[in-house]
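This report concerns nonpolar cores and aromatic rings. The sequence and structure are shown first.

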Amino acid sequence: MACAGPPNGRRPASGVDAAISLKGRVWLAAALLCAAGACTREQKAEPARVPASPALPAAAGPRASVALDAEDGQWTMPAKSYSAARYSQLGEITADNVKNLRPAWTFSTSVLRGHEEPPIIVNNTMYILTPFPNILYALDLTKQGAPKKWQYEPKPQSEAQGVACCDVVNRGPSYADGKIVFNTLDNNVVAVDAATGKELWKTRVGDINTGETMTMAPLVVKNKVLVGNSGGEMGVRGWLKALDLASGKVLWTAYSTGPDDEMLIGSRFKPFYPKDQGKNLGVTTWQGEQWKIGGGTVWGWLSYDPQSNLVFYGTANPGPWNPDQRPGDNKFTSSLVARDADNGEAVWAFQMSPHDMHDYDGVNESILLDVPWKGQTRHALIHPDRNGYVYLMDRTNGEVLYAEPFVHITTSRRVNVSNGSLEYVPEKKPRVGEVVRDICPASPGGKDWQPSSFSPRTGLVYIPHQNLCEDEEGLEANYISGTPYVGMNVRMYAGPGGMRGRLTAWDPIAGRAAWAIEESFPVWSGTVVTAGDVVFYGTMDGWFKAVDARNGHPLWQYKTGSGIIGQPVTYRGPDGKQYVAVMSGVGGWAGAIVAGNLDPRDSTAALGFAAAMKDLPDATQKGGTLYVFSLP
Amino acid sequence: MLQDGLRGALNQSALEPAGPQAAKVTHLWWFALAIATTVYLLTMGALWWAAHRARQRELRGEAAVGPEAEQGMTRGVTYSIAATIVILLIFLVTDLSVGRTLSPVPSKHPLTIELTGHQWWWEVTYADTSPHGRFTTANEIHVPVGEPVLFVLQAQDVIHSFWVPNLAGKKDLIPGYTQSMWFQADTAGLYRGQCAEFCGLQHAKMALHVVAESKADYQRWVDQQRGTAAIPTDSAARRGREIFLTGTCAMCHSIEGTSAGSHAGPDLTHLASRRTIAAGTLPNTRGALGGWVVDPQRIKPGVRMPPNMLKPQDLDALLTYLQSLK
Amino acid sequence: MRRLSTVRAVSFAVASFLFATSVAGCRREERRFRESPPSATPTTVRVSALQPGTMQDTTHARNPYENNAYAQSEGQRLFGWYNCAGCHANGGGGMGPPLMDDQWIYGSSPENIYTTIIQGRPNGMPSFAGKIPTTQVWQLVTYVRSLSAQNSTGARSSRTDHMMMYPGSSSLQDPEKPKNSFRPPASEMP
């Protein structure tokens with residue numbers, strides 16, 4: 001895109017020289033052309049920086065609604081509710097008094113890697129699951145200072161650290177039926193008694209020697225624990241498994257690639273778009289047996305609709321990153337899938353990025369909303385995807401209502417809603433032996449795993465995300481089980497405007513941003529929004545921030561000891577007060593340069609992310625502390 | 001595998017064309033030879049005649065070069081230049097017409113083969129309308145007789161050149177740049193080709209074979225190549241597979257249907273169906289294969305494959321397995 | 001006469017100089033395809049500088065390819081082939097620690113790196129014993145050491161054709177520049 005100016009931020013010669021030199025004249029002409037309006041695409045994608053006035057409602061027009069549980073002041077699963085709204089009905093902390101928020105107490109996890117997990121609060125006990133070695137702490141909230149009740153150590157294999165692509169994180173445990181269930185890095189699903197910390201069962205579901213690890217937060221639906229694997233960069237075949245909550249036995253496995261019977265595709269499977277319809281697409285859209293090492297792992301978020309009894313989740317990127325080694329559409333990687341929660345049968349699937357070329361996983365969260373749409377109420381889901389588009393889809397059948405960009409995109413022109421296809425830009429296809437530049441969004445996408453939240457009061461979806469572009473160079477990848485299977489040199493850098501992070505408040509019905517806040521670093525933390533109209537999020541240099549949910553006005557911030565990439569939560573303590581809690585401890589893919597002591601002189605370190613985060617080690621250190629805040 | 005009607009591994013020669021491209025090239029060659037010979041004879045004849053006449057004059061006592069020599073010089077130069085231009089024009093026209101015949105593929109959906117040059121072997125991938133119909137092999141190409149075959153040429157590391165003299169001229173495989181060419185084999189047979197651009201230590205031993213066969217035979221071969229590797233039935237072959245997968249082999253070679261998926265070296269899924277190994281250097285026999293596996297550096301020093309010190313019984317089992325990969 | 005002898009002397013000196021420099025490069029450019037028998041495997045390799053009692057001399061196994069240009073470039077090729085680059089990137093690290101800085105968890109001497117590759121390490125380095133022949137391990141050792149400029153810069157390839165911050169991955173290190181013990185502020189980063 002010539003509008004962004006010379007690539008990589010290099011500026012043309014100074015004003016006088018530009019007027020004289022031919023090169024300068026060329027750039028001047030290009031700049032004038034751009035100014036003349038050649039860049040409508042950018043204007044659509046860039047959200048307004050100026051927030052609306054506080055008196056107006058945040059989302060004009062009819063609001064979406066979301067299914068919420070009765071507010072009990074607890075936080076029993078990372079997404080708070082099956083609809084994944086991450087909305088708290090607690091209203092003690094409001095936009096007016098949040099400026100008085102101060103730390104109530106803290107807790108050190110004794111682990112210094114990336115802390116992506118949220119604390120879970122059930123029955124006046126707070127549970128914290130650390131990154132590797134996945135220690136589970138139980139803190140007694142009834143006593144002052146929340147002393148530790150017990151800790152459970154699953155002692156995962158230390159070698160698992162060598163096959164985890166993006167720091168040894170864990171995205172949290174879930175509570176159900178008196179048990180805390182969680183995944184360990186070395187592919188164990190564990191259930192622990194919530195009161196005593198005794199291990200109830202531990203089931204191994206994967207093998208690190210194939211490159212598998214587990215980092216996602218399980219979802220417990222009725223009596224089943226739903227878990228998925230990680231390892232799309234290791235040539236792992238993705239799956240979703242259901243384990244029995246009482247015994248830990250594996251009940252069913254739904255693969256993301258392969259023949260229909262292994263993908264649990266049967267007569268009930270009715271994808272909305274013809275491109276996703278057919279028999280054994282999990283085999284025929286791959287060369288030979290590449291679907292066996294094809295990726296499509298399930299390391300992200302699961303949502304559940306009790307009305308239809310459907311589980312919604314996304315599958316990750318196909319492997320290797322070098323697309324020429326896996327010709328075909330590569331189904332069903334980078335897809336959204338809806339399955340029956342009881343037997344795992346597939347009901348519909350929609351592939352967002354066929355034959356993905358830039359590591360655009362489909363694993364981001366889907367918030368289940370009911371939206372007024374063209375005179376009807378549709379049971380929908382909203383899904384901000386890695387490929388840069390926010391998808392609003394009918395969750396009963398997989399129809400795309402809209403797909404609008406929320407970041408600057410050069411890799412595709414648009415999503416064709418009539419047939420569901422993503423119209424790629426051929427010049428941005430990576431090639432072996434060549435460097436393709438200015439690929440936006442970069443591989444972490446418009447947004448990565450960090451989850452959004454939705455407020456039924458404002459009607460807005462609060463999306464924490466990044467603004468990054470990259471250069472890619474294809475390489476031939478060799479599949480050797482247990483080693484990386486990538487085939488790409490990547491170098492990332494800030495996208496247009498130079499600010500690498502953003503918190504976008506998205507109007508789900510209008511299909512555009514209402515306002516946005518820009519941050520220097522990618523906003524890699526989750527968000528939580530409350531009935532007090534406050535949105536909480538953290539930045540990678542350690543600031544925990546509160547902004548007004550209606551208009552984005554900054555209200556309060558606190559500098560914690562390390563960068564924040566965790567999911568903030570809010571709960572009611574035994575004393576009746578509202579508390580806000582978040583983990584502080586930088587890492588994850590974005591923070592790997594700090595968590596892994598990487599060397600930024602190699603711009604391809606951390607799959608290219610280190611190049612975009614060269615200044616992070618100046619801004620923060622490793623850490624591992626829980627911060628809990630309340631009003632005085 | 002050679003039947004009656006197939007010519008044997010015939011002379012790898014550009015003067016024995018078996019297809020229209022090679023035929024055009026051969027005709028061009030003969031044409032050039034004819035012109036060159038004529039010009040040579042005429043020039044040598046004129047030179048001899050001039051020398052002879054000068055000698056005769058000397059014998060008669062006159063000056064060797066006569067007074068009309070000055071005009072004769074001008075005339076001679078004019079004739080030479082004119083003749084040169086005429087000959088060059090003839091070549092230009094011939095060249096353009098041959099080029100026009102060689103370039104476009106006379107078929108809407110030709111059989112397409114993606115050829116990637118490596119140091120020092122050929123990766124051959126047969127394309128297909130559906131990704132699932134694609135398959136990869138190495139160093140041996142089968143084509144149906146009488147049908148144009150389109151080659152998409154790429155290189156992995158340095159510049160190589162694809163040359164099967166009986167079938168077509170040379171076309172370079174350049175890293176980072178995709179080219180294409182096509183040829184058609186009109187006569188069934190086994191044709192040897194080789195790399196025609198110096199590409200390193202073992203450039204001389206980077207050969208390949210093209211087998212032109214009937215449509216039925218070709219289809220049979222394709223169906224066989226599309227399948228996954230044969231599953232070993234006897235214990236020796238099973239042991240051989242275990243050695244392959246747990247040892248050094250699987251770090252570089254792939255066998256469809258097993259966990260070996262590395263593309264550093266040639267695909268071995270149907271190794272036993274090939275006529276030669278090591279890019280046409282050795283026949284595909286148990287002894288040659290054994291010698292190659294144990295010490296490829298003795299045969300092709302500098303090749304990417306390291307020596308493998310295997311215990312004798314392990315080598316035996318491995319060879320049994322490799323020879324079962326039909 | 002004197003002039004002629006001066007000329008002769010000078011040309012002799014120049015010729016000897018050229019001969020000497022060309023011969024000096026021979027060892028560096030030597031290519032040995034078949035090591036027979038395979039290069040020695042180290043016996044006592046210490047990963048700790050502590051020894052109880054009086055210190056013994058530590059035997060350093062010789063890296064047969066130290067400063068050999070062909071081995072270093074083969075090591076670079078194998079570094080990509082065997083997916084070392086998948087975890088260590090081009091020296092900057094990722095899943096695995098960086099190899100181009102001066103922090104070595106398990107030792108930076110050739111035999112330490114050799115045993116790290118062969119034995120694997122508990123926190124995620126796989127064990128390549130039986131998967132890669134000894135000569136190739138030594139080639140990888142040579143390349144890995146070159147990433148942190150621990151061996152001769154003369155053996156380095158002048159360029160690679162890959163997308164790097166600097167041309168030539170093994171010339172990322174300038175021996176005169178400090179090796180990362182002091183990390184300059186980001187604004188001064190290249």
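The sections below describe the cores, then the ring pairs, and finally charges placed over rings.

The structure is a predicted model. Every value in this report is therefore computed from that model.

## The largest nonpolar core

In soluble globular proteins, nonpolar side chains tend to be buried together. The largest nonpolar core of this structure comprises 57 residues. Those with the most contacts inside this core are B:Leu115, B:Tyr126, B:Ile141, B:Phe151, B:Phe162 and B:Phe244. Helix α7 (residues 312-323) of chain B supplies the largest share, 5 residues. Because domain 1 (1-64 + 104-226) and domain 2 (235-323) of chain B both contribute residues, the core lies between them.

Another core, of 55 residues, lies apart from this one; among its members are A:Tyr87, A:Leu336, A:Tyr424 and A:Trp515.

## Surroundings of B:Tyr126

Residues up to four places away in sequence are not counted here.

## Aromatic pairs

Over all chains, the structure holds 40 aromatic pairs. A pair of aromatic rings is described by the distance of the centres and the angle of the planes. B:Phe151 and B:Phe162 form a tilted pair, with 4.9 Å centre to centre and 50° between the planes. B:Phe151 belongs to strand β5 (residues 148-155) of chain B and B:Phe162 to strand β6 (residues 160-163) of chain B, so the pair ties together parts that are 11 residues apart in sequence. Both B:Phe151 and B:Phe162 are buried.

In chain C, C:Tyr114 and C:Trp138 form a stacked pair, with 4.5 Å centre to centre and 25° between the planes. This pair links distant parts of the chain, 24 residues apart: C:Tyr114 is in helix α4 (residues 110-119) and C:Trp138 in helix α5 (residues 134-147). C:Tyr114 counts as buried because its relative accessible area is 5%, and buried means under 20%. By the same cut-off, C:Trp138 is buried, with a value of 0%.

## A ring cluster and charges over rings

In chain A, ring pairs join A:Phe536, A:Phe544, A:Trp556, A:Tyr558, A:Tyr627 and A:Phe629 into a cluster.

Chain A also has charged ends placed over rings. That of A:Arg86 sits over the ring of A:Trp301, 4.4 Å from its centre. The charged end of A:Arg237 sits over the ring of A:Tyr255, 3.8 Å from its centre.

Terms used:
Residues numbered from 1 in each chain as written. Chains lettered and ligands numbered in written order. Predicted model: local features only at pLDDT ≥ 70, side-chain atom pairs only at ≥ 80, totals over all residues. Heavy atoms only, no water. Core = buried A, V, L, I, M, F, W, Y, C linked by side-chain atoms within 4.5 Å. Buried < 20%, exposed > 50% of the residue type's maximum accessible area, 1.4 Å probe, protein only. Helix = DSSP H or I, 4+ residues; strand = E, 2+ residues; numbered from the N terminus. Domains from an automatic or database assignment. Contact = heavy atoms within 4.5 Å. Phe/Tyr/Trp six-rings, centres within 6.5 Å; stacked < 30°, edge-to-face > 60°. Lys NZ or Arg CZ within 6 Å of the ring centre and 35° of its normal.
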